[in-house]
Each structure stands twice: as C-alpha cells, then as structure tokens.
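Please open the model in a viewer and keep the sequence panel at hand. The tour begins at the ligand and then moves to other parts of the chain.

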Amino acid sequence: MARILVGVTGGIAAYKACTLVRLLVRAPHDVYPIVTEAAARFVAPETFFALARTTPRRDAYPHLERADLLVVAPLTANTLARLAHGLADDVLTEAALAHDGPVVVAPAMNVRMWQHAATQANAEILRQRGVVFVGPAEGELAEGEVGPGRMAEPEEIAEVVARELAGASPRASSSLAGRRVLVSAGGTREQLDAVRFLGNRSSGSMGVAVAEEARRRGAEVTLLAANLAVPVPTGVTVVETPTAADIEREALARADADVVIMAAAVADYRPAAPETAKRAKDGSSWTVELTPTTDVLAALGANRTDRQVLVGFAAESAGNGLERAREKKVAKSADLIVFNDIGRSDIGFDTAENEVVLVSNGAEQHIAKAPKRRIAAAVLDEVERIMATR
Ligand code: CTP
C-alpha cells in the first residue's frame, strides 16, 4: 500500500477523478485528495474525501502531507503552468513543491489551449523534470471541438500510477547511505576564441537524473556540471566544470569516490591554440587544429580500486553501437557502460526520455523507453548489484 496525493483541478473532467480515487483506494492505496477551489465548482471536495475514506486535515500544514506519489487529474492549463514555474499559491501547488517523489499528471483542456506554445513549453519543463504525462486523449471535447485535450481514462491513469510506484526504488532513501557518488553531467565547451566554443548537444538531464536518484538513495553526491541546460538538483554538491580539462582535474581529485558515473559528454578534442581575442572575419577560411583531450573515464579506470564502481556512458549512432559499447567497457576498465543509441531522435539528446542497454559484467540488460528518472533508477540498481558482489 502506498500513500498517494490526488490533486484535482478545475475542469469538467473532475467527475472522472472520482473514479480514479475509487480505483486507487481499491488497489489498495492510502489516498489523500487535494481539491482546488476551481475543481470544487464541479465536484464537492466532500465527495473525494468520502471516496478516499478520509477527512480533510485541519492543521496548518496539509501541503506537507508526505506521500509516495502525487497524481494530478485532471490537470488544467493553469495548474500545469503553475507547476512548471514552481508557484505555491494554493494547497495543491504547495504540496507539489514539498513533494519529493514520482509525479503523474493527466492534462485536460481545450485542444487549442493544449496545443498553445506556452502550454507545450510548460509541459516540456515538467517532462524534463521527470513528471509523467498520461494523455491528453484525442476525441470530442466537452465544448464540441475535436482533438487532443480529453483527460485520459481513470483506468489508464491508475495503471500508470501502479507502474510508477513499482518503478520507484523500494530501497530509496537509504540504500546508498554513507557512499560517496561522483557524477559528471552536461556537455563540455572548448574555447575557440574569446566568444566561440566547440560544444555538443548534451543538456545534462540524464546525469542530473542520476545525481538526483543517488541523493534520494542517501548518497553523498558531487555533481561535476558542464554547462547544464537543466536545473541542478537540491542536496547535491555542484562543481562547475565547463571544459574537458575542468572535468579531468575535478574528477581525478575525487577519484577515491565509491561510485563514479561519467554521464557528461566530454570533448574528445580541443582547439590546439585557442585565440584569446574574438577572431574578426577576413573573408578567408579558418582552419583550426584540434588536439586530443584526456579520456577521463579511461584515466579513472587505469587507477581505480577493485572496490570502486565505475560507470561510463556510450553515445553511439552507428549500427554496431552495442559492440562498441562492449569494447569501451573493457578499454576503459569500467564496470558498467550505459549504451545510448543517439541515432534515434525520440530518445537521448534534448528529450525527456531515454532507452538504454546496460552493458555490465557478463550481463546485458535492455531498459525500455522511460523517463530519464526511471533510467537513472535502473542504472543505480545495477550499481548497487555490482557493489553487493564486492
Ligand atoms: N569520456 C571521458 N573523457 C573523454 C571522452 C569521453 O571521460 N575525453 C567518457 C564519457 O563521459 C562517457 C564515455 O567516456 O562516459 C564514452 O564517451 P563516448 O564519447 O561515447 O566515447 P569515446 O570513448 O569518446 O569514443 P568515441 O567518441 O570514439 O565513440
């Protein structure tokens, strides 16, 4: 049995949230409804509390109700925007800010509101943060228009909730207690001149998800951050490492960590002689000589102890990617390589989801497409499995 917060926001689909609460109670879960004022115009809060077989908390801190999962169904465009931007102007958004765990949302709104660039951008912010979306479904909307905007069916939402609860590590919050975990994330930038750099498309979201999950499991986490395009997690020591040389220096200085996870896309080459001023154009071509950088993962692997768990990522676009990932594991003395097929556009760079193969000692495990938070949990499950064999 899990403790679930069910947020209900104002929309005609609020009546379907009654069924969702019933399904979750029957699962059985311990359900606590949080009904916004706008939702109360459609269905009385008492209905939800009666279905959840509970009563409203009367103390000053209903938003600090601890829970294993938060589900918001239906989610209006307004609350979606408030969640994306961290507003805390009612009990639901306050509870969302105080909640540290999986979040499932089922948007329901007019099709044009859903398709508006502002809503899509807000939804992307939430996805990047690991929030799982169910729907909206296509179909005829209450106002007679047709398109995506209908809330997903309660049965489908309940299924996703069950899946998320199963995916959230049961050992969370203590299984890595006392362990020092070093994670690198993002993509390095190598100076070409005073304003230009050679970089790559890594946003850092995968590495950040790993750092966050390690912290959730109680580890003492240091994040080497290379130009992150995503927010840094709380409770983690962040060291800015914008270049390959920075990552090399800071990683080697912490090479005694219990677990090292090199998720950063580290440049393999840097300009041999970066210009200190901005290069002015003169109509002729510009030839830049690149020299190799240190392979940090290989350097860590060359000096590692047997007790340490060393993890690398392999971003490959060619057909023989998996084979190359296996080779990298041996060449860099890593325990685990997370193989990522970057030839596909629906996973990996710039996307909230990923699908990987964990290439470990003797075993290869395919992790189906899932939010990066879930992939991070699978990577750390494997790290813990390796640790247990030492
Ligand atoms: N890596 C590193 N230092 C580098 C380059 C890569 O530590 N200078 C690490 C990455 O953090 C990642 C792993 O090595 O964990 C694999 O990186 P990838 O770029 O996929 O492979 P490379 O070894 O660089 O090989 P190639 O570019 O030829 O595929």
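Which atom of L297 lies 2.7 Å from an oxygen atom of the ligand? Select L297: the atom is a backbone N or O. The protein covers 80% of the 570 Å² of accessible area that the ligand has on its own (Shrake-Rupley method, 1.4 Å probe; for residues, only the protein chains shown count as cover).

This is a predicted model, in which local features need pLDDT of at least 70 and side-chain atom pairs count only at pLDDT 80 or more, while totals for chains, interfaces and linings use all residues. Residues are numbered from 1 along each chain as its sequence is written, and side-chain values use heavy atoms, with hydrogens and water left out.

At M262, a backbone N or O atom is 2.7 Å from a ligand oxygen atom.

Now select S205, in helix α9 (residues 205–216). S205 is buried, at 7% relative accessible area (buried is under 20%, exposed over 50%, partly exposed in between; 1.4 Å probe, protein chains only). Beyond neighbours within four places in sequence, S205 contacts Q128, V230, T351 and K372, with heavy atoms within 4.5 Å.

Finally, go to L290 in strand β15 (residues 290–292). L290 is partly exposed, at 38% relative accessibility.

Methods:
Helices (H or I, at least four residues) and strands (E, at least two) are DSSP runs, numbered from the N terminus. A polar contact is a pair of N or O atoms within 3.5 Å; within protein, one must be able to donate a hydrogen and the other to accept it, and residues adjacent in sequence count only if both atoms are side-chain atoms.
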